[in-house]
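Here is a short briefing on one protein chain. Look through the sequence and the model first, then read the points below.

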Amino acid sequence: ESLVDTRKATSFDLAVLDLLRQLRGVMTATVALKDAANDPIRLADLHLQLADSYRGSAALRSAWFDTLAELYEQDRWFAEASVCHAHSVAIIARELEERKELEVDWNAFHWINQQISETEQIKGGDAGNVQPAGFTTENLGAKIDKTAAALMLAERFEAVGPLYRLIIPVLERNMNFTSLVSVYAELQQTYSRAAEVRSSGKRHLGAYFRVRFYGETHFKQEHNTDWIYREVGLTSLAAFALEIKEKCQRQVGHDRVQIEANEQLDMGRIDPTVAYVQITHVEPSPIAIDSTHSQPPTTPIISNDFLMHTNLCEFSYECAMIENERKLSREPAIHEQILKRTVLRVAPSGFPSTRRRLPVVSVHYEQFSPLEFACQKLNTKAEQIKKTLSAAANGRRLDVKGLQLLLQGAVLPTVNAGPLAYAEVFTKDEQREKYGDEAIVKLRESFRNLMSACQLAIEANASAIGSDQQTYHEVLVSSFDAMHERLQTFFGASLRGSLEPDGTSSSHPARSAMHILDMMGGVRN
């Protein structure tokens, strides 16, 4: 390769060079497979390296994806297995499309991972560079069935329908009614399960952690690199830390591995004989959904948990600090406390992926003033209340106890020092002068948002409780009224939500509708 001047090389020379690179990649990865047998992360990387090296052969590329999918399924990583299977589906579909036997809606793959179509779809003159494997529509149907099975086990039900729509037109054209019956039976089961998890809310599609490795002599090329790991369900930080520590001990060959929870390492106290691993729990950053599109878009709001965890590229975590940006060692005064948010982006493939971890490619920081921090806390509390109410509107049983706990945290005198303290502190003359009228208006609207949510919650609670909780409810109502009066003295205006003539809020179902929902959910009236 070093003997060839690429500036003067012919297309044949460049093709030979590319072939040599692929052969070198195949030999290197094949030799390394045995050594990586006990390292699932490295093993997956090698399988993908081999699949990429065989991109000129549809059969071999598909085979390496299939092998990796089987490894994932053995370890119950079904989301990752489904992405690998979907790559094979795309490889088969591409060949059938080239032979004019299939019309492929490449957007169907966006429901699994948006990079699949970009990676596997042939562009222009690339078709002649891929050796066909002789795939048939029967191969496509069988591989779609495997992918759908993995998606079901991963509880990613919403992706199954778009995937089957690739093969349904072929089955209809061939009048293969037996297969159509099987497909529609599978879809019925899939959408029934989707309806169940939407009603119960008992689905957790992943937990995510930022991991940084520090120690050049221990981690070699991974030293000082950041990664996002996807873990199943409700994996806790403690459980993940234990798992990653054991993995790193095997990787570095000794027990001197130290887990760090701090955002920054104290470089003055670094021990070169110790391998350091920093771990932070991160949350998916919401993106917006356009429900008129047939595939998950990549642009920004979201309430659907499936879409939140599909093509997921951005994560964040927050850290409360005081204004000089020292980490908190004491409880600061409200007007001193700021919020620092760290936003991390991973490779554009996003999660779920063919890999269980992806490298962080960019980091940026957002900082919020004490008043902005207060507004965020108020709006977050309001959103928690509204989310509990909207869950009942979507067919779930109203979580009365959860709703009452949220109400207590907002309005009861014993615990409402937080919300009211924001109003008391930031409406003082010196704070008004510091932030200006526009910022104080934002604070007032945040309180209005919270009071509106509390009002809706009190109405729902009145519909849900029995006579044994009537006294408790009256305490909530009187506390809500007292809180409103105090806020009115701070802001000089009523912050109650506007009600419709029938006494219900315009943003909430009528009380009769709530009665019906409560009865359906088994809530007492």
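Where is Pro352 found? Pro352 sits in the loop between β6 and β7. The model is predicted, so local features need pLDDT of at least 70, side-chain atom pairs count only at pLDDT 80 or more, and totals for chains, interfaces and linings use all residues. Residues are numbered from 1 along each chain as its sequence is written, and side-chain values use heavy atoms, with hydrogens and water left out.

Helices and strands are DSSP runs (helices: H or I, at least four residues; strands: E, at least two), numbered from the N terminus.

**Backbone features**

- Most residues other than glycine have a negative phi, and most peptide bonds are trans.
- The peptide bond from Phe351 to Pro352 is cis, and its omega is near -10°.
- Met175 is not a glycine, yet its phi is positive, near 50°.
- Met175 lies in the loop between α8 (168-173) and α9 (177-200).
- Met175 counts as exposed, because its relative accessibility is 58%. (Buried means under 20% relative accessible area, exposed over 50%, and partly exposed in between, with a 1.4 Å probe and protein chains only.)
- Asn311 also is not a glycine and has a positive phi, of about 55°.
- Asn311 lies in the loop between α12 (305-308) and β5.
- Asn311 is buried, because its relative accessible area is 8%.

**Aromatic pairs**

- The whole structure holds 10 aromatic pairs. (Rings of Phe, Tyr and Trp, the last by its six-membered ring, pair if their centres lie within 6.5 Å; planes under 30 degrees apart count as stacked, over 60 as edge-to-face and the rest as tilted.)
- One of them joins Trp111 and Phe306, and this pair is stacked. The centres are 6.1 Å apart, with 20° between the planes.
- Trp111 and Phe306 are both buried.
- Phe315 and Phe351 form an edge-to-face pair, because their planes are at 75°, with ring centres 6.0 Å apart.
- That pair links distant parts of the chain, 36 residues apart. Phe315 is in strand β5 (residues 314-322), while Phe351 is in the loop between β6 (337-346) and β7 (357-368).
- Phe315 has 0% relative accessibility, so it counts as buried.
- Phe351 is buried too, with a relative accessible area of 0%.

**Helix α14 against helix α17**

- Helix α14 (residues 400-411) packs on helix α17 (residues 437-464) at about 140°, and their axes are 10 Å apart. (Axes are lines fitted to C-alpha atoms, for helices over the stretch in contact; angles run from 0 to 180 degrees between N-to-C directions.)
- The two helices are therefore oblique to each other. (Angles under 35 degrees count as roughly parallel, over 145 as roughly antiparallel, 65 to 115 as roughly perpendicular and the rest as oblique.)
- The crossing of α14 and α17 is left-handed. (That is, the near helix is turned anticlockwise from the far one by less than a right angle; clockwise would be right-handed.)
- From α14, the contact uses Val400, Leu403, Gln404, Leu407, Ala410 and Val411. From α17 come Leu450, Cys454, Ala457, Ile458, Ala460, Asn461 and Ala464. (Contact means heavy atoms within 4.5 Å.)
- By class, this contact of α14 with α17 has 11 nonpolar, two polar and no charged residues. (Ala, Val, Leu, Ile, Met, Phe, Trp, Tyr, Cys and Pro count as nonpolar, Asp, Glu, Lys and Arg as charged, and the others, Gly among them, as polar.)

**Helix α14 against helix α18**

- α14 also packs on helix α18 (residues 470-491), at about 35° and with axes 10 Å apart.
- This crossing of α14 and α18 is left-handed.
- Gln404, Leu407, Gln408, Ala410 and Val411 of α14 meet Tyr472, Leu476, Ser479, Phe480 and Met483 of α18.
- The contact of α14 with α18 has seven nonpolar, three polar and no charged residues.

- Leu407 lies in α14. Leu407 counts as buried, because its relative accessibility is 1%.
- Beyond its neighbours within four places in sequence, Leu407 is in contact with Leu412, Cys454, Ala457, Ile458 and Leu476.
- Asp66 lies in helix α3 (residues 58-74). Asp66 is buried, with a relative accessible area of 18%.
- Beyond its neighbours within four places in sequence, Asp66 is in contact with His85, Ser88 and Lys143.
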